Amino acid sequence: MITVPERTAQAVKDPRELVAPEVFGLLVEDIMRYNHVTRAYAERLMGQALVFLKAHADLIKAATKDPADWVRIVPSVPVDEGWHAFLKRTKPYFDFGMEHAGAYLHHVPVVDADILSGAALERTVPILRATGYYVDMEFWEAGAGAGCCPPECSTIGN
């Protein structure tokens with residue numbers, strides 16, 4: 001368990017728990033290699049990518065029961081880099097989707113007014129918090145960007 005700063009004084013789950021330790025380690029190594037960042041940053045980034053994917057999976061699962069429960073959420077630009085790293089590890093990525101959503105988690109980069117306005121990112125954060133996993137706001141602030149959409153994807157090698 002991670003304990004968040006005293007201002008919220010609540011214990012939240014560690015997103016590393018969403019995958020096997022060896023998978024988390026491989027993903028962190030990949031992020032370090034492809035993005036030239038420190039281990040500490042790569043661990044935090046991958047944690048946030050996992051929280052996002054868990055929230056996305058939960059929404060997909062809920063929408064299979066009732067399509068009215070569907071809400072689109074988006075990753076921030078840095079979190080999308082973690083999603084791309086996970087996509088490259090196809091077997092554990094597929095297994096994650098099947099375990100948490102009962103389906104493959106497709107990555108479909110789009111850009112629209114909802115994303116460009118920041119509304120989609122603003123809507124995403126409360127949904128992330130609802131998972132019970134730690135949300136590191138440094139990766140989700142408005143300045144963190146608007147997800148993966150041209151031209152961002154071409155610069156991170158999707």
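## Salt bridges and a buried histidine

Lysine 91 is exposed, with a relative accessible area of 54% (exposed means over 50%, buried under 20%, and partly exposed in between, with a 1.4 Å probe and protein chains only). This is a predicted model, in which local features need pLDDT of at least 70, side-chain atom pairs count only at pLDDT 80 or more, and totals for chains, interfaces and linings use all residues. Residues are numbered from 1 along each chain as its sequence is written, and side-chain values use heavy atoms, with hydrogens and water left out. The structure holds 12 salt bridges, a salt bridge being a side-chain nitrogen of Lys or Arg within 4 Å of a carboxyl oxygen of Asp or Glu.

- Lysine 91 forms a salt bridge with aspartate 95, at 2.9 Å from N to O.
- Both residues of this pair, lysine 91 and aspartate 95, belong to helix α4 (residues 90–100) and are four residues apart, about one turn of the helix. Helices (H or I, at least four residues) are DSSP runs, numbered from the N terminus.
- Aspartate 95 is partly exposed, at 33% relative accessible area.

**Pairs between distant parts of the chain**

- In the salt bridge between aspartate 114 and arginine 72, the closest N and O atoms are 3.3 Å apart.
- Because aspartate 114 sits in helix α5 (residues 113–116) and arginine 72 in the loop between α2 and α3 (77–88), this pair ties together parts 42 residues apart in sequence.
- Both partners count as partly exposed: aspartate 114 has 23% relative accessibility, and arginine 72 has a relative accessible area of 26%.
- A salt bridge also connects the side chains of aspartate 136 and arginine 44 (2.7 Å, N to O).
- This pair links distant parts of the chain, 92 residues apart: aspartate 136 is in the loop between α6 (119–129) and α7 (152–156), and arginine 44 is in helix α2 (residues 39–65).
- Aspartate 136 counts as buried because its relative accessibility is 9%, whereas arginine 44, at 31%, counts as partly exposed.

**Histidine 100**

- Histidine 100 lies in helix α4.
- With 9% relative accessibility, histidine 100 counts as buried.
- Leaving aside residues up to four places away in sequence, histidine 100 touches Leu18, Lys54, Ala57, Asp58 and Lys61, where contact means heavy atoms within 4.5 Å.

Methods:
Helix = DSSP H or I, 4+ residues; strand = E, 2+ residues; numbered from the N terminus.
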